[in-house]
Each structure stands twice: as C-alpha cells, then as structure tokens.
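Reader: I am new to this structure and would like to talk it through slowly. Could you show it to me before we start?

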Amino acid sequence: MELTPQPPPDVPAPPAGPEAARSKTIFRRILAFGGLSIALSIGLLSPLLFKGRLFPERQEAINNAKSLHLALLDFDNDYGSFPNASTIADVKDATSTPLPLGASSSNEIFRQLIAAGTKSERIFWAPSSITPHKPDNNISGSHALEMGECAFAYIAGLSSSSNPTSPVLMAPVNSMKRCFERRANYDDKAVVLFVDGTRKNLPVDKHGHVQLNGMDIFDPRQPFWKGTAPDIKWPE
C-alpha cells in the first residue's frame, strides 16, 4: 500500500480554512464577553461590598435587631403579645424568675425575654454613646441588662398581630434627650425594625428626629399609631 507523501517538516502549514477562522473569531468573542461580564459584576457588587464594610457598626445593630425580633416573636407565641407591663405577672408565674422586672425602660421590659429563655445579652446591644462596651453576658439577678447593656428603644403594647408597619425597635438613640442619635458610623441613619420584621435605615436630622411618611416617626398621626402617641421605652 502506498503512503500519502508528507510535506517536509520545514514547510509552513497551509493557511486555515474559512471554518477554522470563523471558530477562532467566535472563541475570541466568547472570551471577551465573559471578561466583560465578570468586570461588570465586580463593578456592580463592589459598591455594595464596600458599603457593608464602611458601616460595620450599623450592620451589627441590624443583625442584633433581627435576633431581638425573633425573641419577641417567641415571647408572643408563649404570652400572647410582645413583653409589656401586663405580661410581667404571667412571666413571673411561668418562670419564677428572680430577675427584677419592670416597665419604665427597655432594659426592664427586655428582662422578660431573658426570663423567658433568651440566654445572651448581646442581642440587646448596638454601638451608641450610651453603650460604650458590649454586655458581659451576666444575666443573673440584678446584673441582667444593667445600664449601658441595652441600646434599643422599644415600643410597648404591640404584638405579632399589630399593624405590620408599626416600628417596634430602633437604634441608636439618646435616652437622655429622648431622641435618635446621629452617628457617622451609622451613616447618620437610624436602624428601625418593624412588627413584620422588615427594617429600614432612615436619616436622622440634626435635631435627632426621624421622618417617615412625611412626618416624625413618633407622631400620633402616623397611620400605624392610630392617633395615640406610642409608648416608647428608652434604654438606660
């Protein structure tokens, strides 16, 4: 059988045919499109990633507010509402807790959550001028939620069946002036969590007020307050 003559090794390869040239063009376009897609994805995501790194204190407040909201829902499931003055007796009867329970501050009311089973003080904390240090997690007796270990203002009298758009938790706040605290590490915004678990970062003005629906968030005219001023419990 005769073999097909082979060209000498030093002879240049013949030019690529039209199909090969078309395949190379398509391959280059795929690579270019893939690189462009990656670049666009990085460009779109980087501001979000950077923003998350830029305000880690605010993100910590958000995370703790969400955990605190879960504790409120658990409490509601057991006692029929979020903790307030009227649930104190039921909590004492059910738990025989030695914790000092009261209703004059969010610290006092939130001790009901600890009596009901919350084991950490950390979820009640957020960076603010009234909470310079994280809680020590000592929840025995009078040590539970001492002054400076709770950062959230709380609206008493609500439950999981309340208007879902009602604010229930908010930080950072200035409990001495009874207003929000304007902080650069929060981007001058307050973290506000609502009954349904949704959250908004709302601007704090120079007077320590937050606007929602075109009026102060605590204004009784807000649709969720139904003409009655909210029962705000400020942290100690």
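Author: What follows is a conversation about the helices, the sheet and a few side chains of this protein.

Author: This is a predicted model, in which local features need pLDDT of at least 70 and side-chain atom pairs count only at pLDDT 80 or more, while totals for chains, interfaces and linings use all residues. Residues are numbered from 1 along each chain as its sequence is written, and side-chain values use heavy atoms, with hydrogens and water left out.

Reader: Ok, how many helices and strands does the protein have?

Author: There are four helices and nine strands, where helices (H or I, at least four residues) and strands (E, at least two) are DSSP runs numbered from the N terminus. Their order from the N terminus is α-α-α-α-β-β-β-β-β-β-β-β-β.

Reader: And what share of the residues count as buried?

Author: Of the 236 residues, 41% count as buried, meaning under 20% relative accessible area, with exposed being over 50% and partly exposed in between (1.4 Å probe, protein chains only).

Reader: Which strands make up the open sheet, and in what order?

Author: The open sheet has five strands in the order E6-E5-E2-E1-E9, with antiparallel pairing; two strands pair if DSSP finds at least two bridges between them. Strand E6 (199–203) and E9 stand at the edges with a single partner strand each, so one side of each lacks a neighbour in the sheet. From one strand to the next the twist averages 25°, with axes taken as lines fitted to C-alpha atoms, for helices over the stretch in contact, and angles running from 0 to 180 degrees between N-to-C directions.

Reader: Which helix packs on that sheet and touches E5?

Author: That is H2, which touches E1, E2, strand E5 (189–194) and E6, and its direction makes about 20° with that of E5; contact means heavy atoms within 4.5 Å. Helix H4 (residues 106–115) lies across E1, E2 and E9 and runs at about 70° to E1.

Reader: Back to H2, how far does it reach?

Author: Helix H2 (residues 56–79) has 24 residues and reaches 34 Å from its first C-alpha to its last, close to the 34 Å expected at 1.5 Å a residue, where the expected span is 1.5 Å times one less than the number of residues. Among its buried residues are Ala-61, Ala-65, Leu-68 and Leu-72. Just after H2, Gly-80 takes a positive phi of about 85°.

Reader: Which residues are the bridge partners of Tyr-154 and Ala-156?

Author: Tyr-154 has Leu-169 in E2 as its bridge partner, and Ala-156 has Asp-231 in E9. Two bridges join E1 to E2 (residues 167–171), and three join E1 to E9 (residues 231–233).

Reader: Changing topic, how many aromatic pairs are there?

Author: There are six aromatic pairs, counting rings of Phe, Tyr and Trp (its six-membered ring) whose centres lie within 6.5 Å, with planes under 30 degrees apart called stacked, over 60 edge-to-face and the rest tilted. The rings of Phe-180 and Phe-218 have centres 5.6 Å apart and planes at 10°, so that pair is stacked. Both of these residues, Phe-180 and Phe-218, are buried. Phe-110, Phe-124 and Tyr-154 form one aromatic cluster.
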